[in-house]
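Thanks for coming, everyone. I'd like to walk you through one structure today, so let me put it up on the screen.

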Amino acid sequence: MKKNSKNIQTEIDASYLYQKLFETEADNTVANVFRQMSEIEKSHAQAFLNKMKPGGLALLPEPSFRAKSLNAIGRIFGYNYVLGVLMDTEKEV
């Protein structure tokens, strides 16, 4: 069960960060990709949650402190670092 909780949090954090990339991206085509990635990651989190609590109503968790910290780094220094972290996370999963 702990692994599923970690999977859900990873997907929520990725969804949150892709949403932040979408909100700050000037190129509409690239922004649209980030928006779609955010939606995909959120659907993955929901699927993991549904496996853990079939038939039950459960809310997705909030983004973690780590994800919020990465967003703060992105706001200050630019989102290229955040994108790199997301790409590393995608390789691990």
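Let's look at helix 4, where Val82, Val85, Leu86 and Thr89 are buried. Please keep in mind that this is a predicted model. Where do those buried residues of helix 4 sit when you look down its axis? They fall within an arc of 100°, so they line one face of the helix.

While we're here, a quick check on the geometry. Helix 4 covers residues 80-92, which is 13 residues, and at 1.5 Å a residue it should span 18 Å. The C-alpha atoms at its ends are 19 Å apart, which agrees.

Now for the charged pairs. How many salt bridges does a search of the whole structure find? The search turns up 3.

The side chains of lysine 91 and aspartate 88 meet in a salt bridge, with 3.9 Å from N to O. The cut-off is within 4 Å, so this pair counts. These two residues of helix 4 are 3 residues apart, about one turn of the helix. Aspartate 88, at 41%, counts as partly exposed; exposed would need over 50%.

Next, move to helix 1, residues 2-24, which holds both lysine 20 and glutamate 23. Those two form a salt bridge, and their closest N and O atoms are 3.6 Å apart. Here again the spacing is 3 residues, about one turn of the helix. Glutamate 23 has a relative accessible area of 48%, so it is partly exposed.

The remaining pair I'd like to show you is in helix 2, residues 28-52, where glutamate 39 and arginine 35 are 4 residues apart, again about one turn. The closest N and O atoms of their salt bridge are 2.8 Å apart. Both partners are partly exposed: glutamate 39 at 47% relative accessibility, and arginine 35 at 26%.

Notes. Residues are numbered from 1 along each chain as its sequence is written. This is a predicted model: local features need pLDDT of at least 70, side-chain atom pairs count only at pLDDT 80 or more; totals for chains, interfaces and linings use all residues. Side-chain values use heavy atoms; hydrogens and water are left out. The expected span of a helix is 1.5 Å times one less than its number of residues. Buried means under 20% relative accessible area, exposed over 50%, partly exposed in between (1.4 Å probe, protein chains only). The arc is that of the directions from the helix axis to the C-beta atoms.
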